[in-house]
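Visitor: Could you take me through the salt bridges here, and then have a close look at whatever enclosed space sits by them?

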Amino acid sequence: MADNKNPRPLFIDTGVWGSGHIQGIAVDPAKGYIYYSYTTVLVKARLDGTVIGWVGGLMGHLGCIDFNDEDGKVYGSLEYKHDVIGRAIEKNLGVTLADEDAFYIAVFDVDKIDRPNMDSEADGVMKAAYVKEVVEWYYGADARGEATPFRVTGIDGLGIGPVFGADKDSPSRLMLCSGTYDDPEHPVDSDYHVILQFDWRAVSEVATALTQKKPHHQGVDCEKWYFLDLGNTTWGVQNLEYDGFDNSWIVCVYPGKKEESTKFPMFKIDGNAAPKMRMGRFGREHEHLILKKEGICHEKTGIWGNKFSRGQTGVYAFGDGEYYFSNEFGTGDKKCSSVIRLYRRREDCPDRPFEVIGSY
């Protein structure tokens, strides 16, 4: 149902899915479609909630997704790991993963999604580009066997927008967020997040069909990577979304477990600010992204964030001050659902900068 004064639906019911909880959303406003990542399934629906079809057969963790207005495809983070998440997927699907851990940028030709139960391999809907940098950081060693300066848990947050510090109308890039450790046994790895920058055009060109039982290694090198200091979080950046309204990037996380953690669920990267070179905790100088001084400043760390607690399972910015945020919930029978609700910016309350529009 749409408000008479606003053509955008105030809420969208995703329906109930048994493939895992919702990980991210993406919107094609021109054609009126919305996409949901439900861990091992990508769903295509109309903005009125009508499901058009879905792509299953994924044995990995499909995380944050983004719709690329320039080529009409959906991009998402995709990882295959033998950790607690990977074991849960194996149990839920009754499958056995390939021996290796692998990380990809998935590219979905969503125009081909026209029916239920499409298969990611058999129906030619999905291609994937291997991300070797994350593989090396995950194992803590590069191809030569030399130790990497840090380790990561994987990937999740992904967004498409201009290069950090560039004008909002400059050529877009794909930004991919690594995951971080949240426990005291990884005191160094857990406090910095790493964002990799890719030319999505190169990613799309090199991406090829993925046979999950025999993962390929066809990918493209990242153009560069940045440190993002958020303090400790749980599993790193869950959702990353470019907001053309103020040329910023919305960063949604689960707060960290360490005592000194900021406990903020959301941060904003200042897209107008060029990254700054500074020495990090890894004993090397590198480019660090700049957070907007908006919301609350954490006294002990000087890190800025806010208390808005939606977005970890999906956020979409229209670029005009309105947003869709996922409001996820479990159904009590090991299945999950979400209501996507429309929000607006709230200028008078920077510590909780969004408010819902209408009622549900």
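Guide: Let's start with the term itself: a salt bridge is a side-chain nitrogen of Lys or Arg within 4 Å of a carboxyl oxygen of Asp or Glu. Bear in mind that this is a predicted model, where local features need pLDDT of at least 70 and side-chain atom pairs count only at pLDDT 80 or more, while totals for chains, interfaces and linings use all residues. Residues are numbered from 1 along each chain as its sequence is written, and side-chain values use heavy atoms, with hydrogens and water left out.

With that cut-off, the structure holds 24 salt bridges. Take Arg144 and Glu146, whose side chains meet at 3.5 Å, N to O. For burial, under 20% relative accessible area is buried, over 50% is exposed, and in between is partly exposed (1.4 Å probe, protein chains only). Arg144 has 64%, so Arg144 is exposed, and Glu146 counts as partly exposed because its relative accessibility is 44%.

Now for Glu70 and Arg201, a salt bridge with its closest N and O atoms 3.7 Å apart. This pair links distant parts of the chain, 131 residues apart: Glu70 is in the loop between strand E8 (61-68) and strand E9 (73-80), and Arg201 is in helix H3 (residues 200-206). Helices (H or I, at least four residues) and strands (E, at least two) are DSSP runs, numbered from the N terminus. Arg201, at 30% relative accessibility, is partly exposed.

Asp246 and Arg345 also form a salt bridge, their closest N and O atoms being 3.4 Å apart. Here 99 residues separate the partners, with Asp246 in the loop between strand E17 (233-243) and strand E18 (248-255) and Arg345 in strand E26 (residues 336-345). Asp246 counts as buried at 15% relative accessibility, and Arg345 is buried at 15% too. Both belong to a network of salt bridges that links Asp246, Lys268, Lys292, Glu294, Arg345 and Glu347.

A cavity is a set of points on a 1 Å grid over the protein atoms alone where a 1.4 Å probe fits but cannot get out, and lining residues have an atom within 4 Å of a point. A volume is the space filled by probe spheres set on the points, which are joined across faces, edges and corners. The structure holds one cavity of 30 Å³ or more, and the largest cavity has a volume of about 40 Å³.

Definitions and conventions. On a 1 Å grid over the protein atoms alone, a cavity is a set of points where a 1.4 Å probe fits but cannot get out, and a pocket is an open set with protein on both sides within 12 Å along at least five of seven lines; lining residues have an atom within 4 Å of a point.
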